Amino acid sequence: MDRRTFLKTTAGAGAIVATGGLATPAISQNAAAKTLRFVPQANLANFDPIWTTQYVVRNASVLVWDTLYGFDEDLTPQRQMVESEENSSDGLTWTFRLRPGLKFHDGAPVLAKDVTASLARWCVRDSMGQMIKALQQELTAVDDRTVKWVLKKPFPKMLLALGKNSTPMAFIMPERIAKTDPFKQIDEYIGSGPMKFVRGDWVPGAKAAFEKFADYISRQEKASWLAGGKNMLVDRIEWVIMPDPATASAALQNGEVDWWENPITDLVPLLRKNRNISVDIADPLGNIGAFRMNHLHPPFNDVKVRRAVLMALDQEEYMRALVGDDTALWKTLPGYFTPGTPLYTEEGGEILKGKRDLAAAKRLLAESSYKGEPVTCVVAQDQPITKAQGDVTAELLKRLGMNVDFVATDWGTVGQRRALKSPPGQGGWGMFHTWHAGADCVNPAVYIAIRATGDGAWFGWPNVPAVETEVDAWFAAKNLDEEKAAIKRLNKAALDSVVYAPTGFFLGYQAWRKNVNGIVKGPIPFPWDVSKTA
Amino acid sequence: MLTYVARRTLATIPVMAVVALFVFSLLFIAPGDPAAVIAGDQATPADVERIRQSLGLDRPFLVQFSDWTWRLLHFDLGRSIFTNLPVTTMIAQRVEPTLSLMVVTLLLSIVVAVPIGVLAAWKVGTWIDRAIMGFAILGFSVPVFVVGYLLAFFFALQLEWLPVQGYTPIARGLWPWLENLILPAIALGCVYIALIARITRAAMLDVLQQDYIRTARAKGLAQRPILFVHALKNASVPIVTVIGIGIALLIGGAVVTESVFAIPGLGRLTLDAILRRDYPVIQGVVLLFSFVYVLVNLAIDLLYTLLDPRIRY
Amino acid sequence: MSPPPAIALPAESVAAAPTLPDLWPPVKPLRGFTGFLRRHPTVTIGAALLIVMVLIAVLAPYLGTVDPTTLNTSRRTREPSALYWFGTDMLGRDIYSRVVYGARVSLTVGFSVAILASIAGLAIGLVSGMVRWADGFIMRVMDGLMSIPPILLAIALMALTRGSVGNVVMAITIAEIPRVARLVRGVVLSLREQPYVDAAVAAGTRMPMIILRHILPNTLAPMTVQATYICASAMIVEAILSFIGAGVPPTVASWGNIMAEGRALWQVKPFIVFFPAVFLSITVLAVNLLGDGMRDALDPRLAKGL
């Protein structure tokens, strides 16, 4: 018994003595092995996966709430809560039958009315949900286990919408909770997922805890991402929030936590050196770095200025700043869709490829309407990804001979400022940085950032009818070849008019103690089938 | 005496009122929109506007302020915009770690600083005095996070004596609790130790020159009783004053220390809330810290009357 | 009792400090500037270190530096070497150049805050001390501000505005003003009771004249000392603000920013944090030493204190 084990054992004994067997969970060797301590990417500040689109909330929610369908690792929706479904021959009526015996954490059975209420709330906030809602004739509970969704026009991507892992996911909640205004937070966290949320242990900004739900009935199939059986091999999962990567790294090395979702690349060599730690890629779908320019106001309302910036942009420089020298972790991305997924294309990507021609970019800028006005570049400093990109962009614009007004601020302020449509001089903005999970960039249905509907589009408000035509073509596509053809044209149109500037594709790492087994790569840190030995 | 206590206590009310108004208006005019943050990166501008209205953030200043004050008087600090939890609950969850850190730091600082301050005064002008005062100045000059990282590097990662981060509730046992607090307390205590040591030395020098000490010395009383019984007791007023005022340093330092050592306390709550513009939480926590500061100093003022019989009101 | 660094005692206790009988043998009077320096070695050391830092700041472009903002992501996080004396940071910028240019920011913030807080505090303190009806109100506001821990107040103020050197200076200044104002008010109140001030008032001397002739000269000494400590504390607060991401813009090379950026890598690339930390500590130490020395020199009454 080494010193640390000894201390832990005495600590456990102390706890039992001190609390006299009260609510505080006693920590014994055995219990410690059944508790998985996980460092998530960010703080779990709120817990309503419909109300917010934050990835971290979604990741916690897949523990607590279940979905009708779930993406497997081929991004194909598979039945999860649903036992069988039927789509009428005209494509207008969908009938879903729930698996028998599903229960919520409060013991109540999962009924069809819970499903209809949950879907109704989700439809208001999700972009695909809104499309379905626009086509909806009626959404009803036929009996306790049967839900019927009647549409005015066929919606072939129905199962994709119900099973997708981009936010907000179509989680099923009890009816009374699902009746909450979609723009207000729920305040009861009862689901039918494999883990219960321990509300009393939730300290936002510090920790959250989940306990195994004994009555959860797993599917028989092997787990594959959100599809298949969700078998919990630990009794308790504790989320430990650590904003400082240095602290998280030290805690993992010291064995104070078991699994770290997003170690920064520069610390990976250090973690690799430790015999007790495994390091691997976190999500094969990776992330796409991005900055968006404001299409409404000078200088970026001129497509020539946007093209000039794209011509001068060196994705390699961004990726090195963001991820580092390990070229296995990133690649340049002359397009908008996630590399390695079926719709990936480089059509029209020449402008981002090859050696950067700064002189040509400068010539294009000179031809444009740019007259040396300052470019308001808003950069959040509290997110490593936006910060590193912002530093590179400032340098890029300087090289290009543009006048940069660098506004260093935090993610919250960026969130507010980017929503303003006023000119940059009057509180508005010229450009801001962000990133998109690769899983959200696999097709136009989940890809809000590629849409170019003008006023209704995402921040930057690109108005490119050519892009929207191809989005419609994709939704109408009958097979993969038609889909691919539409996306090729879409990619080219989007690059020609620079809907936004992609800065590259990058992968992130995850790291865990060697006594933890069963961790898989995926867009979400899936905790099922993960076990831990003492 | 009673009138003094009453008067002194009543005097804290306008101070708290100023703080309340200041804190509220400060954040009211702040840029940064919690609604946008809440909505997340994929939300549309229309979503953001809906959320802003549902949170009541679109109402005029006076309406929001009077509403806020009224509820404050009922010990209702509102709900966090981000977690939807009552602010009082969030504060209650975080009080123990911060209180523990402060108490341990305070005790450590006093236990270290007062004796070395006395020693420096006793050995005034010698190399011991210079060394102690040199370290005291150094204590002011090194930022708390640098000390924190140095301590964590040597004592946690290299020597593996203590944990790097975290907090264990005292209910899990005294040692596990203390184990997590030692390094942060030293880091946070540096400035405080320096401050108290300097003031102790100064106050002691002041007292040691008084006639009655000279008399005691002349009477041949042993040095130690003179130092610790007679002199220290009379030097205690400025020392206690500085300990009280230094609470502000401790609170400010806790924000940084808790973030370096991942202690889930009020300091981190404050920092997170400010960076995220969680208005109700910022207001609650800043108000609480000011309240604690005012109360501690009120207590100390009242304590003078006990410490120094010459002070009569 | 005189104000210790970073925070100040209530000014009343400054004013009420008893004149100490001198226990020590009188110092042999040394003449001239060198004599002054030899009598106050802390001033000498502090001033010398500070002058070196000021020189580094002023001469930054001529000290073998490159543009501190030029990034080159293909040469990131290099160890210190003959080419990169202090190594390079996560964006491949030269840390030596950044640290040298960073001296400008820290010193600018330190000096500006000291001067602005002194002027504003002096004005407020004078009004409060001289104008009886305003005193209560002003002091309640000052008490209120003082009861918010200065770092917390500065962070909260920075959350209001965008990061710039000017805004950092303003935020820290506002947090420091109440302490100066209280100090000045205390001195003014005690001076008002002095017979010669009474006499001046009785003789019909006008208020501005009284302030100019009698009050100001007497507040100058304690204020200068206080300003020095404010300068030191401001530099530390600036570093803390940058460290937690609420300080000067990251495009500006400041010591706090360099440390904030290197913070995540302190285990693998400790040099990124090490060099700015050493420079910051030395500079703050220098100013603190200077403050201690000046207090001894300017205020003989307190010479043997603290």
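Arg145(A) is partly exposed, at a relative accessible area of 24%. Here, buried means under 20% relative accessible area, exposed means over 50%, and partly exposed lies in between (1.4 Å probe, protein chains only). The model is predicted, so local features need pLDDT of at least 70, side-chain atom pairs count only at pLDDT 80 or more, and totals for chains, interfaces and linings use all residues. Residues are numbered from 1 along each chain as its sequence is written, chains are lettered from A and ligands numbered from 1 in the order in which they are written, and side-chain values use heavy atoms, with hydrogens and water left out.

The side chain of Arg145(A) meets that of Glu83(A) in a salt bridge, at 3.3 Å from N to O. Glu83(A) lies in strand β5 (residues 82-87) of chain A and Arg145(A) in the loop between β7 (136-143) and β8 (146-151), so the pair ties together parts that are 62 residues apart in sequence. Glu83(A) is partly exposed, with a relative accessible area of 34%. A salt bridge is defined as a side-chain nitrogen of Lys or Arg within 4 Å of a carboxyl oxygen of Asp or Glu. Helices (H or I, at least four residues) and strands (E, at least two) are DSSP runs, numbered from the N terminus. Side chains of opposite charge can pair when their charged atoms come close.

Over all chains, the count comes to 42 salt bridges. In chain A, Lys353(A) forms one with Glu346(A), and the closest N and O atoms are 3.0 Å apart. Lys353(A) is partly exposed at 36%. Glu346(A) is partly exposed at 33% relative accessibility.

In chain C, the side chains of Asp135(C) and Arg185(C) meet in a salt bridge at 2.7 Å, N to O. This pair links distant parts of the chain, with Asp135(C) in helix α5 (residues 132-146) and Arg185(C) in helix α7 (residues 165-192), 50 residues apart. Asp135(C) counts as buried at 14% relative accessibility. Arg185(C) is buried at 12%. A network of salt bridges links Lys387(A) and Asp391(A) with Asp89(C), Arg93(C), Arg98(C) and Glu261(C).

His295(A) sits in the loop between β15 (287-293) and α10 (303-312) of chain A. This histidine is buried, with a relative accessible area of 11%. Its side chain reaches the backbone oxygen of Val498(A) at 3.2 Å. A polar atom of the His295(A) side chain also lies 3.2 Å from the backbone oxygen of Val499(A). A polar contact is a pair of N or O atoms within 3.5 Å; within protein, one must be able to donate a hydrogen and the other to accept it, and residues adjacent in sequence count only if both atoms are side-chain atoms. Leaving out residues up to four places away in sequence, His295(A) touches several residues, among them Arg306(A), Trp461(A), Pro462(A) and Ser497(A). Contact means heavy atoms within 4.5 Å.

Cysteines were examined next. A disulfide is a covalent bond between the sulfur atoms of two cysteines. With the cut-off of cysteine sulfur atoms within 2.5 Å, the count comes to zero disulfides over all chains. Cys377(A) is buried, with a relative accessible area of 0%. Cys190(B) is partly exposed at 26% relative accessibility.

Chain C carries a nonpolar patch on the surface, formed by Ile51(C), Val54(C), Leu55(C), Val58(C), Leu59(C), Tyr62(C), Phe111(C), Ile115(C) and Ile119(C). Together these residues have about 870 Å² of accessible area. Patches are made of residues with over 30% relative accessible area and no salt bridge; like charges are joined within 9 Å, and nonpolar side chains (Val, Leu, Ile, Met, Phe, Trp, Tyr) within 5 Å. Accessible areas come from the Shrake-Rupley method with a 1.4 Å probe; for residues, only the protein chains shown count as cover. Helices α3 (41-58) and α4 (95-130) of chain C each supply at least two residues of the patch. The largest share, four residues, comes from α3(C). Val54(C) lies in helix α3 of chain C.

Chain C has 11 helices and zero strands. Of its 306 residues, 59% are buried. Its accessible surface comes to about 11900 Å², of which 70% belongs to carbon and sulfur atoms. Chain B has 14 helices and zero strands. Of its 313 residues, 59% count as buried. Chain B exposes about 12600 Å², with carbon and sulfur atoms supplying 72% of it.
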